[in-house]
Amino acid sequence: MIRFGKKNEPENYVEEIAALTYEILKDLGIDVLQNQSQRKVVNFLKELYRKDHNRFSYHNTLVKESDGQIFGIAIIYHGMDAQEYDKNFVQHLQQEFHCSQIELSKETEKDEYYLDSLAVSPNHRKKGVGGELLKAFENAGYEKGFHKLSLNVDEDNTNAYRLYEKNGFVYESTFDLYGHPYLHMVKYI
């Protein structure tokens with residue numbers, strides 16, 4: 001089953017969701033997070049998951065679960081919310097890690113329903129979970145009345161690129177995210 005997250009998720013679910021989110025963020029290049037221990041960042045992400053008005057909130061998280069296990073997640077939101085989410089994320093980072101200079105890269109356009117992150121648990125990879133989460137992302141966008149989906153993929157991640165291409169996403173432009181080129185892909189629905 002794929003569903004949106006819940007504020008009152010069991011603790012073990014929140015731990016798994018935060019750990020999957022960490023796997024995405026650790027390679028992105030946000031300096032303040034790279035200087036912290038994995039445990040500290042995962043705990044921070046658990047707090048954000050339970051809060052409203054941020055990109056990592058349960059409101060924005062699709063969860064694939066079965067038999068009491070998290071198979072994967074997709075973090076999704078509309079581009080018109082990105083600026084507010086980024087502002088709130090920076091404030092949370094500053095409070096948690098006591099730093100002042102944080103700059104986030106622009107990841108999406110205001111007219112796009114955006115797939116911020118997609119992660120599949122290591123035990124469930126290569127079993128179609130990523131494709132299921134992509135379809136759920138598309139359905140959520142359609143149900144909300146959005147017609148343009150987008151995502152970014154590391155130009156070196158050919159497996160992910162092929163998955164997105166197979167699901168109808170096409171390359172549109174290149175975004176520089178934290179000093180590294182990412183391919184911005186879109187799909188019209």
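Author: Glu143 belongs to helix H5, which covers residues 129-143; helices (H or I, at least four residues) and strands (E, at least two) are DSSP runs, numbered from the N terminus. The model is predicted, so local features need pLDDT of at least 70 and side-chain atom pairs count only at pLDDT 80 or more, while totals for chains, interfaces and linings use all residues. Residues are numbered from 1 along each chain as its sequence is written, and side-chain values use heavy atoms, with hydrogens and water left out.

Glu143 counts as exposed, because its relative accessibility is 70%; buried means under 20% relative accessible area, exposed over 50%, and partly exposed in between (1.4 Å probe, protein chains only). Between the C-alpha atoms of Glu143 and Val32 there are 36 Å, and in sequence the two are 111 residues apart.

With a relative accessible area of 2%, Leu177 is buried. Leaving aside residues up to four places away in sequence, Leu177 touches Leu28, Ser105, Lys106, Glu107, Asn152 and Tyr182; a contact means heavy atoms within 4.5 Å. Lys106 is 71 residues from Leu177 along the chain, yet their C-alpha atoms are separated by 7.3 Å.

Helix H3 may be examined in the same manner. The 13 residues of H3 (residues 38-50) should span 18 Å at 1.5 Å a residue, and the end C-alpha atoms are 19 Å apart, which agrees; the expected span is 1.5 Å times one less than the number of residues. Buried in H3 are Val41, Val42, Phe44, Leu45, Lys46, Leu48 and Tyr49. An α-helix has 3.6 residues a turn, so residues three or four places apart point the same way. The buried residues of H3 pack against helix H1 (11-25), helix H2 (31-34), strand E2 (61-66) and helix H4 (82-97).

The whole protein chain has six helices and seven strands, in the order β-α-α-α-β-β-α-β-α-β-α-β-β along the sequence. Its radius of gyration is 16 Å, close to the 16 Å that the globule rule gives for 189 residues, so the chain is as compact as a globular protein of that length. That radius is taken over C-alpha atoms, and the rule is 2.2 Å times the number of residues to the power 0.38. Of the 189 residues, 51% count as buried. Among contacts with a separation of 6 or more, 68% join residues 24 or more positions apart.
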